[in-house]
Amino acid sequence: TKVAHKNVAAHEWDREEARNRRQHLISMNAFERHKKFVSDYILYYGGKIEDFRRSMSKDKTDLDVVRENHRFLWREEDEEDMTWEKELAKKYYDKLFKEYCIADLSRYKENKFGFRWRVENEVISGKGQFHCGNKRCENKEGLKSWEVNFAYVEQGEKRNALVKLRLCPECSFKLNYHHKRKEVTVKKRQQSKENLDKSVSKKSRKQKRKDKRKHKKRRKGKHVFNANQDPKHFQDVELLEKHFIVCLC
Ligand SMILES: [Zn+2]
């Protein structure tokens, strides 16, 4: 009898082995196969399984992006060179209600205050308008309106804004601890309106028309929401509590 040549036998043996391996791989699901390849790789080249793990240290959520790019007030120049991150922050900003502020008065003795705009839920519940605007106070009695020149640092830049807030007597005391702020009373508002009416009546028709146009333009650009609006109107304003920003100042 003739025995097959050694080479032929080895070749046949290899083919058999390859067939077995293929069968083995096919029988596994994709994840098991992946794990096998990884462990084969480590067996062959050395190393640790930890080296394969993706680093999550630089991962960012939408909230992180909004926080980083948030602005208390967006100016026209802030909207130059928009990136997707800035777009996201601007989109969030557009959904805030910029009439009354919510204040953090916890550091009033240092003459430091935090302000932020209200979110939809607060407008509906009346927080900051019919309830005290201090974030930690729910008082409804004796609320007063205050106008505060809010100076803050944002993106390494000093800015300031005139903000309005409603506070109960105790919280008003905290706000005025160092400086007496300007109180906004209904009477004053009416008076200033009267003055405005008088001055308007003196203006020419042409000027009036111009003013009207200006007014329209401003309203369009500023996204000022009327807090007295029916909550129904806010339905398409999708605002999640997780996007709630603690004042950055
Ligand atoms: Zn209060």
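Visitor: What does alanine 103 touch, not counting residues up to four places away in sequence?

Guide: This is a predicted model, by the way. In it, alanine 103 touches Phe113, Gly114, Phe115, Gly133, Asn134, Lys135 and Leu165.

Visitor: And in the largest nonpolar core, which residues touch the most other members?

Guide: Ala103 is one of them, along with Cys101, Phe115, Val163, Leu165, Leu167 and Cys171. That core has 25 residues. At least two residues each come from H4, strands S1 (97-104), S2 (114-118), S3 (144-154) and S4 (157-167), and helix H6 (169-175).

Visitor: Which one gives the most to this core?

Guide: S1 does, with 5 residues.

Visitor: Back to H4, then. Which of its residues are buried?

Guide: Helix H4 spans residues 84-94, and its buried ones are Ala89, Tyr92 and Tyr93. They sit on the same side of H4, because the arc they cover around the axis is only 100°.

Visitor: What's on the face turned away from that buried side?

Guide: Exposed residues: Trp84, Lys91 and Asp94. As for the buried residues of H4, helix H3 (62-69) is included in what covers them.

Visitor: New topic: where is arginine 33?

Guide: Look in helix H2, residues 30-45.

Visitor: Why does arginine 33 count as partly exposed?

Guide: Because arginine 33 has 14 C-beta neighbours inside 10 Å, and the partly exposed class lies between 12 or fewer for exposed and 20 or more for buried.

Visitor: Which residues is arginine 33 in contact with, leaving aside neighbours within four places in sequence?

Guide: Leu25 and Met28.

Note on methods:
Residues are numbered from 1 along each chain as its sequence is written. This is a predicted model: local features need pLDDT of at least 70, side-chain atom pairs count only at pLDDT 80 or more; totals for chains, interfaces and linings use all residues. Helices (H or I, at least four residues) and strands (E, at least two) are DSSP runs, numbered from the N terminus. The arc is that of the directions from the helix axis to the C-beta atoms. Two residues are in contact if their C-beta atoms, placed from the backbone, lie within 7 Å. A nonpolar core is a set of buried Ala, Val, Leu, Ile, Met, Phe, Trp, Tyr and Cys residues joined through C-beta atoms within 7 Å.
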